[in-house]
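Good morning, and thank you for coming. Please look at the model on the screen while I take you through its metal site and then its packing.

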Amino acid sequence: MIIVLKPDATAADVARIEQQIREWGLRPHTSVGTERSVIGVIGDESLLANKPIDVFPGVESVMRIQKPYKLASREFRAASTRISIPWGTPGGEPVDIGGDRVVVVGGPCSVEQPDIMRATAEYLLATGARMLRAGAFKPRTSPYAFQGLGVEGLRILAEIRAETGLPFITEVMDTRDVEMVAEMADVVQIGARNTQNFSLLKAVGRTRTPVLLKRGISGTIEELLMSAEYILSQGNDKVIVCERGIRTFEKATRNTLDLNAVPVLKKLTHLPVAVDPSHGVGIAEFVAPMALAGVACGADLLLVETHPDPRTATSDGAQTLDAAQFKRMMDGVRGVAAAIGRTV
Ligand code: PEP
Ligand code: MN
């Protein structure tokens, strides 16, 4: 349920309503807007049956949200959420996710040695990418495959940020690491294998670090939004939802990048929407066309795997663009963005 407040509702009116909601056994979640504020009521709404909410001073109307996710829904917040990430060196322009500018995030699948990360950062900056991605903790299908550099990987990412200014996104897989990763990273990633790891979602929800939440490998759009709701319901309102391909009967590509999800998500949620064409197709030569398609259908952020020499990448080399391929993709992305009135 959403309680829409009158434009002239006072702080005391809001406090009284919040108090009453708590007394009824639910949790108020107040969102202050420029014109008016709304209070989302979180919890078992059946407790509100026949409760006289609309008679409270300051209340304009009461809306029941039919969808199972509330805080993530467009009904709760009509204006698109924007997330600002500070630049990693003094004076740099912050990265604004969810605005007119499409944010491109590039980097290897796994954190590589500093010289490789540095070389990657250089061509990211030269081509207009705004953030670095790389996994320090890797969710590998095989327990015998490279598992990532761990804490050392985080240190490398922080070092490259200090040198170049590029903020970074990196995955967290274990609730015990959440505090540390959230402290160091600019955005924490929840991978496709953990989209419904509810303890992990609640743990990142308790931090205030932005979260990039991948869609589950066989997850529906609604399940993705329910997972976002877990994070939001813990008080972290900085969530980016990411289409990264789903498992279908099709074998020609690693996954099927479901670009239908982009306009659907833009309608259903106020959260920024990301597209990961690398895991979506799994084959380097198809990544750029799908990146362009992702921008064309409304993605706010692209997450793309790139490495100066994909043949030597410690993971996902087959879907990784080299510097020249990445640059060509960026040229295309810029053209598509301009065609739909956005920039890169
Ligand atoms: C990744 O981004 O490197 C990754 C492992 O992604 P996903 O969880 O989508 O497979
Ligand atoms: Mn990968």
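I begin with a definition: donors are N, O and S atoms within 2.8 Å of the metal (3.2 Å for Na, K and Ca), and because water is not among the atoms, sites may look incomplete. This is a predicted model, in which local features need pLDDT of at least 70, side-chain atom pairs count only at pLDDT 80 or more, and totals for chains, interfaces and linings use all residues. Residues are numbered from 1 along each chain as its sequence is written, chains are lettered from A and ligands numbered from 1 in the order in which they are written, and side-chain values use heavy atoms, with hydrogens and water left out.

The donor residues of the manganese ion (ligand 2) follow the spacing C-x169-H-x25-E-x10-D. Cys109 lies in the loop between strand S7 (103-107) and helix H2 (114-127), and Glu305 in strand S14 (residues 301-305), so this pair ties together parts 196 residues apart in sequence. Helices (H or I, at least four residues) and strands (E, at least two) are DSSP runs, numbered from the N terminus. The coordinating atoms come from Cys109 (SG), His279 (NE2), Glu305 (OE) and Asp316 (OD), at 2.1 to 2.4 Å. Cys109 and Glu305 are both buried, that is, under 20% relative accessible area, where exposed is over 50% and partly exposed in between (1.4 Å probe, protein chains only).

I turn now to helix H9 (residues 284-296). Its buried residues are Ala284, Val287, Ala291, Gly294 and Val295. They pack against strand S13 (273-275), helix H8 (277-281), S14 and helix H10 (323-339), contact meaning heavy atoms within 4.5 Å. After H9 comes Gly298, with a positive phi near 115°.
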